[in-house]
Amino acid sequence: MLLLALDTATPAVTVALHDGSAVIAESSDVDARRHGELLLPAVHRTLKEAGTELAAVTEIVVGAGPGPYTGLRVGLVTAATFGSALGVPVHGLCTLDGIAYAAGRAGLDGPFVVATDARRKEVYWARYDDARTRVTEPAVDHPADLAERVAGLPAVGAGALLYPAAFADVPPGMPEYQSAGALASLAAEKLARGEELPPPRPLYLRRPDAKVPANYKVVTPK
């Protein structure tokens, strides 16, 4: 196996290669506005670090969000393009699951919450029994509306750091953004158990920010 993992659902543009036993190369840049510009160079750096070429990749996993519309699409479209060109399977995993898995590897145990920044003063979030077990569907909410539902639970992710009034317990040393290395390790673990991974379908959870102007006039030829 040579699994290529990538995720652009958070401000981290992150890429990793996993050989079925461990992550062999990884590259990450944090820039919420340059996903499209940074992703392909990150893929190139990761392949170069591993001493291999894209043609050697046998499977692809991509973070399916939730995440802002434009950034999320960059990763999904790139993964689909690579998969089509190489003729290899493309899988999708929830981005929050990758962050939860990384939190578990960083030492977090027991029930906790993952929250990422959804902009518009909202967070994408989900609750976990442990690093591998999500118990709620990913959702988008205002932090103030979550305070009672997440009270007493540790929280990880950039969304938790942004809204301490709602997420009071943010353990130190936990991941803030997605890591493709964690996503790749989670995918490889699932594949090794014979699990069928989901297809790469985006978890947008809400409509994109870009809209057609209300007074837009359609001009058609006569």
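**View 1. An open, mixed sheet.** Five strands form an open sheet in the order β3-β2-β1-β4-β5, and their pairing is mixed. β3 and β5 (90–93) are the edge strands, each pairing on one side only. From one strand to the next, the twist averages 15 degrees. The model shown here is predicted.

**View 2. The β2 and β3 pair.** Strands of a sheet pair through backbone hydrogen bonds, in either a parallel or an antiparallel sense. Here β2 and β3 run antiparallel, with seven bridges between them. Ala12 stands opposite Val30 of β3.

**View 3. Two helices on the sheet.** Helix α1 (residues 35–50) packs on the sheet and touches β1 (3–7), β2 and β3. The direction of α1 makes about 155 degrees with that of β3. Helix α6 (residues 180–192) packs on the sheet as well. Its contacts are with β1, β2, β3, β4 (59–63) and β5. The direction of α6 makes about 135 degrees with that of β1.

**View 4. Gly20 in its loop.** Gly20 lies in the loop between β2 (12–18) and β3 (23–30). Why does Gly20 count as partly exposed? Its relative accessibility is 42%, which falls between the 20% limit for buried and the 50% limit for exposed.

**View 5. Gly20 and Met174.** In sequence, 154 residues separate Gly20 from Met174. In space, the two are 25 Å apart, C-alpha to C-alpha.

How values were computed. Residues numbered from 1 in each chain as written. Predicted model: local features only at pLDDT ≥ 70, side-chain atom pairs only at ≥ 80, totals over all residues. Heavy atoms only, no water. Helix = DSSP H or I, 4+ residues; strand = E, 2+ residues; numbered from the N terminus. Buried < 20%, exposed > 50% of the residue type's maximum accessible area, 1.4 Å probe, protein only. Pairing = 2+ DSSP bridges. Axes fitted to C-alpha atoms, helices over the stretch in contact; angles between N-to-C directions. Contact = heavy atoms within 4.5 Å.
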